[in-house]
Amino acid sequence: MRSLICIPFFMWSVCMLASAKVYTIQSPDKKVKMNIQVDNRVSIQIMNSERIVLDYSPIDMTLNDHHICVDPKVSGTKRSFVQNTIIPTIQVKTNKIEESYNELIMSLKGNYSIVFRAYDQGVSYRFKTNLKTKQAIVEDEQLVLHLPASATGYLMQEKDFGSMSESPYVCREVSKYDDNTLYSFPALFRTTNNDFLLITESDLCDYPGLWLSREKDTFKGVLPRKVTQTKSGNCVSERFVTERADYLAETKGQRDYPWRIFIVTDSESELITNQLEAVLNLLSNFLMHDLTEGYLPHRFRRLDSDVL
């Protein structure tokens, strides 16, 4: 009787594997690779010199009560190679940045798309919508990290979203982190093969920042809900969040969402010189341009913080 049950299950598993399609995008030097698996969901795998640094990890966005990456229908793909020289308005590490990447734009049924890029320094992805409606409600965004259990994490543990990003980093094996804990970006992981994976984000606008939460032996992305009510604090212009909505953001129906960045290297020194976040941060370029033109914002702050 047991064998009769196992056979259908085995056949179902084989059918699921057969129905999955994998799209691959590589860095120009062919060292860093991202595999995008599409079956009943969309998952990403990241490799460095054929070594897995992040195994297939589901990504998704819930928008207007619709899961973009659940039972997705790929309506088309477009590949391109881009090479640019960027001259930063304010030069931080170098007076120019050489940008070179391969790009895959995956269009999904419903006027959604996901943009994937592979640089020599790492990979990134972002969601993009081209909805007919002017406004869109983003209920949630999902990112589940399937890291090697033997990898070591270097994570800034937080009590809540009111962090000033001054907490000490906690260094331990991924499998030994406590559940129900919150961590802020950037998040650094090191595999037993001495590959480094630095996870961060860029180009945030009208959208909360991404954090990590440890749940059931894995790390998941978590985002603060939209602030709906605050109260005054002790300092000038200080306000504390007292109430949040049950969704992330109310935003435009046609827009690009923040980049999710995965910096990949086998050299610690390259973590310092890596400028991938700056290359992808178009919003910061706009802000820096405004600063140089004399338009000084009143205050810089994280839009998702419990302290505004």
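1. Before anything else, a term: two strands count as paired if DSSP finds at least two bridges between them. Strands themselves (E, at least two residues) and helices (H or I, at least four) are DSSP runs, numbered from the N terminus. With that in hand, G122 stands opposite I263 in β19.

2. Some ground rules. This is a predicted model, where local features need pLDDT of at least 70 and side-chain atom pairs count only at pLDDT 80 or more, while totals for chains, interfaces and linings use all residues. Residues are numbered from 1 along each chain as its sequence is written, and side-chain values use heavy atoms, with hydrogens and water left out.

3. On the overall build, the chain has four helices and 19 strands. Of its 308 residues, 44% are buried, meaning under 20% relative accessible area with a 1.4 Å probe, protein chains only (over 50% is exposed, in between is partly exposed). Among contacts (heavy atoms within 4.5 Å) with a separation of 6 or more, 61% are between residues 24 or more positions apart.

4. Keep an eye on β9, residues 122-145. This strand pairs antiparallel with β8 (residues 112-119) over eight bridges, and the two form a hairpin with two residues between them. Y112 has T129 of β9 as its bridge partner.

5. The other partners of β9 include β18 (residues 249-256), antiparallel over seven bridges, with A136 opposite T251. β4 (residues 51-63) joins β9 through five antiparallel bridges, and D60 is partnered there with Q142. β19 (residues 259-265) has four antiparallel bridges to β9, and β15 (residues 218-222) has two, with V144 facing K220.

6. Now the inside. A nonpolar core here is a set of buried Ala, Val, Leu, Ile, Met, Phe, Trp, Tyr and Cys residues joined through side-chain atoms within 4.5 Å. The largest one has 53 residues, and I36, F116 and F262 touch the most other members. β9 supplies the largest share of this core, eight residues. Apart from it there is another core of 14 residues, including I97, I263, L276 and V279.

7. What does F262 contact, beyond its neighbours within four places in sequence? The list includes I44, I46 and L54, along with G122, V123, Y125, L143 and L145.

8. S100 counts as buried because its relative accessibility is 18%. Skipping residues up to four places away in sequence, S100 touches P28, F81, V82, Q83, A118, Y119 and D120.
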